Amino acid sequence: MPAKVVLYTDGACRGNPGPGGWGVYLQYGDHSKNLYGFEAQTTNNRMELTAVIQGLQALTRSCAVEVYTDSKYVMQGITEWLDGWKRNGWKTAAKKPVKNQDLWQQLDQQVAQHRVSWHWVKGHAGIPGNEMADQLANQAIDEQTGAQV
C-alpha cells in the first residue's frame with residue numbers, strides 16, 4: 001500500500017510574463033512541508049506547472065498522491081489534453097506546438113512514478129491548503145524582489 005500524500009500547489013506571477021513564484025503545501029500523515037521557488041522571468045502557467053512538478057519530485061518513493069490545484073490549465077492539461085498532445089507529436093488540435101512542452105513532459109514523467117488523483121479547487125476561497133500554497137508562491141516572489149509584504 002503506497003504512502004498517501006496530499007499536495008496543494010499554486011503559482012503566481014507579477015506581470016505575465018514577469019517575476020514568478022511557485023508554492024507547494026505537502027501533507028503526509030501528521031507531517032507537513034512547505035516548498036517554494038522563484039523564477040525571474042516566467043508566466044503564471046509555467047509557475048502552476050512547476051509547483052506540481054516540484055511537489056512530486058520532493059517525494060522519495062512511489063505514493064498515492066492527491067493533487068489540489070486552482071489552475072484549470074494544469075487540470076485540463078493533465079486530465080484532458082496530454083494524451084492527445086503526445087499522440088500528435090506535441091502539437092495541439094490546431095496543429096500548433098504545445099506551449100510549455102518542456103514542463104508538460106517533466107510533469108508526465110513525475111506522474112508516471114505515482115498514483116495521482118487530480119482535484120480542482122477554487123482559488124482564494126478560504127481552502128487552507130490552497131491558501132498556504134498561494135502564500136508560499138507569493139513569498140518566493142517577495143523574497144527575491146524585495147517586495148514589502
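# A walk through the predicted fold

Let's start inside a strand: leucine 7 has its place in strand β1, which covers residues 3–13. Residues are numbered from 1 along each chain as its sequence is written, and side-chain values use heavy atoms, with hydrogens and water left out.

Back to leucine 7. Is this residue buried or exposed? Leucine 7 is buried, and its relative accessible area is 0%. For these labels, buried means under 20% relative accessible area, exposed means over 50%, and partly exposed is in between, using a 1.4 Å probe and protein chains only. Leaving aside residues up to four places away in sequence, leucine 7 touches Val24, Tyr25, Leu26, Gly55, Leu56, Val65, Glu66, Val67 and Tyr68; a contact means heavy atoms within 4.5 Å. As for leucine 49, which sits 42 residues away along the chain, its C-alpha atom is 13 Å from that of leucine 7.

Now zoom out. The protein chain has four helices and five strands, and reading along the sequence gives the pattern β-β-β-α-β-α-α-β-α. Its radius of gyration is 15 Å, close to the 15 Å that the globule rule gives for 149 residues, so the chain is as compact as a globular protein of that length. That radius is taken over C-alpha atoms, and the rule is 2.2 Å times the number of residues to the power 0.38. Along its principal axes, the C-alpha trace spans about 45 × 40 × 25 Å.

If you take the contacts between residues at least 6 apart in sequence, 66% of them join residues at least 24 apart. The chain exposes about 8000 Å², with carbon and sulfur atoms supplying 47% of that; the areas come from the Shrake-Rupley method with a 1.4 Å probe, and for residues only the protein chains shown count as cover.

Next, the aromatic rings. The structure holds five aromatic pairs. Rings of Phe, Tyr and Trp (its six-membered ring) pair if their centres lie within 6.5 Å, and planes under 30 degrees apart count as stacked, over 60 as edge-to-face and the rest as tilted. Tyrosine 73 and tryptophan 104 make an edge-to-face pair, at 5.4 Å centre to centre with 65° between the planes. Tyrosine 73 lies in helix α2 (residues 72–87) and tryptophan 104 in helix α3 (residues 101–111), so this pair ties together parts that are 31 residues apart in sequence. Tyrosine 73 counts as buried at 17% relative accessibility, and tryptophan 104 is buried too, with a relative accessible area of 0%.

Tryptophan 104 also pairs with tryptophan 85: their ring centres are 5.2 Å apart and their planes stand at 65°, so that pair is edge-to-face. Since tryptophan 85 lies in helix α2 and tryptophan 104 in helix α3, the pair ties together parts that are 19 residues apart in sequence. Tryptophan 85 counts as buried at 9% relative accessibility. Ring pairs link Tyr73, Trp81, Trp85, Trp90 and Trp104 into a cluster.

Tryptophan 90 is in the loop between α2 and α3, and its phi is near 65°, a positive value in a residue other than glycine. Tryptophan 90 is buried, with a relative accessible area of 13%. Asparagine 100 is found in the loop between α2 and α3 as well, and has a positive phi of about 65° although it is not a glycine. At 16% relative accessibility, asparagine 100 counts as buried. Elsewhere, the peptide bond from asparagine 16 to proline 17 is cis, with omega near 15°; proline 17 lies in the loop between β1 and β2 (18–28).

The last stop is asparagine 130, in helix α4 (residues 128–145). Asparagine 130 counts as buried at 2% relative accessibility. Not counting residues up to four places away in sequence, asparagine 130 touches Tyr8, Thr9, Asp10, Asp70, Val121, Lys122, Gly123 and His124.

Key: Predicted model: local features only at pLDDT ≥ 70, side-chain atom pairs only at ≥ 80, totals over all residues. Helix = DSSP H or I, 4+ residues; strand = E, 2+ residues; numbered from the N terminus.
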